[in-house]
Amino acid sequence: MPRPRQALLTRDRIVAMALALIDADGLAALSTRRLAAALGVQGPSLYNHFATKDAILDAVADSVTATVDTGWFNRHDWREALRRWAWSYREALAAHPNVVPYLAQGPGRRPAALAMADAVYGGLVRAGWPPARATHIGAALRYFVAGSALGSFARGFVEDPELYAAHYPHLTQAHRLAGRQRSVDEGAFALGLDALLHGLAAEYQRTVGPLAPLEPAGGSE
């Protein structure tokens, strides 16, 4: 009886397995030896596809960035485009928080990361923002989104009402936060993003020119 053929080792398989290992155990736990074992191959086989471990990490990080939708900048006013891009970016990072510290190092030579930076910067400059300010805005949004994806504010509070009641009179309901993680964390992100966008709109009108009223948000297109 013929032996079953081993699945072909490809760059996509390597990246997917590396991401799964990072999701499960963190960046520090990833090694080429462990990755090769998970794929059922010998370590040197990986080097037929990636020259170094850092090259694998670059590809993993870029696979996450590639899921972010930047097409809004071709279809919407810059304010609405920033909003929708920020939510898409947060969703991508929040799905893989263990990768965020590596992504936070910057785009490097990663194609999807550079394409995202180009789309955001280009959309802002086309909207009339001076190039330096467009750079600042892209950086500010990136700091905000990455920070929100690194961890959960709500889950940072233990479910121990006696702890808060005894020592922290303004936190008597803090033990409830962990059970409301999604509403707390998403509500905080929405509030912060609104504040950023309102501030940017005021800055635009002060330094660039008047803004047309935004059309009511409706749907994804």
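**View 1. Buried residues of helix H7.** Ala112, Ala113, Met116, Ala119, Val120, Gly122, Gly123 and Leu124 of H7 are buried (under 20% relative accessible area, 1.4 Å probe, protein chains only). This is a predicted model: local features need pLDDT of at least 70, side-chain atom pairs count only at pLDDT 80 or more, and totals for chains, interfaces and linings use all residues. Residues are numbered from 1 along each chain as its sequence is written, and side-chain values use heavy atoms, with hydrogens and water left out. The cover over these buried residues includes helix H4 (53-65), helix H5 (78-94) and H8. Helices are DSSP runs (H or I, at least four residues), numbered from the N terminus.

**View 2. Length and end of H7.** H7 covers residues 111-126, 16 residues in total. Gly128 follows H7 and has a positive phi, near 110°.

**View 3. Helices H8 and H10.** The axes of H8 (residues 131-150) and H10 (residues 181-207) come within 11 Å and cross at roughly 170°. Axes are lines fitted to C-alpha atoms over the stretch in contact, and angles run from 0 to 180 degrees between N-to-C directions. H8 is therefore roughly antiparallel to H10 (over 145 degrees). Arg133, Ile137, Leu141, Phe144, Val145 and Ser148 of H8 make the contact with Phe189, Gly192, Leu193, Leu196, Leu200 and Glu203 of H10 (heavy atoms within 4.5 Å).

View 4. Residues 31-50 are 60% helix and 0% strand (strands are E runs of at least two residues). The end C-alpha atoms of residues 31-50 are 13 Å apart.

How values were computed
Parallel < 35°, antiparallel > 145°, perpendicular 65-115°, else oblique. Expected span 1.5 Å × (residues − 1). Buried < 20%, exposed > 50% of the residue type's maximum accessible area, 1.4 Å probe, protein only.
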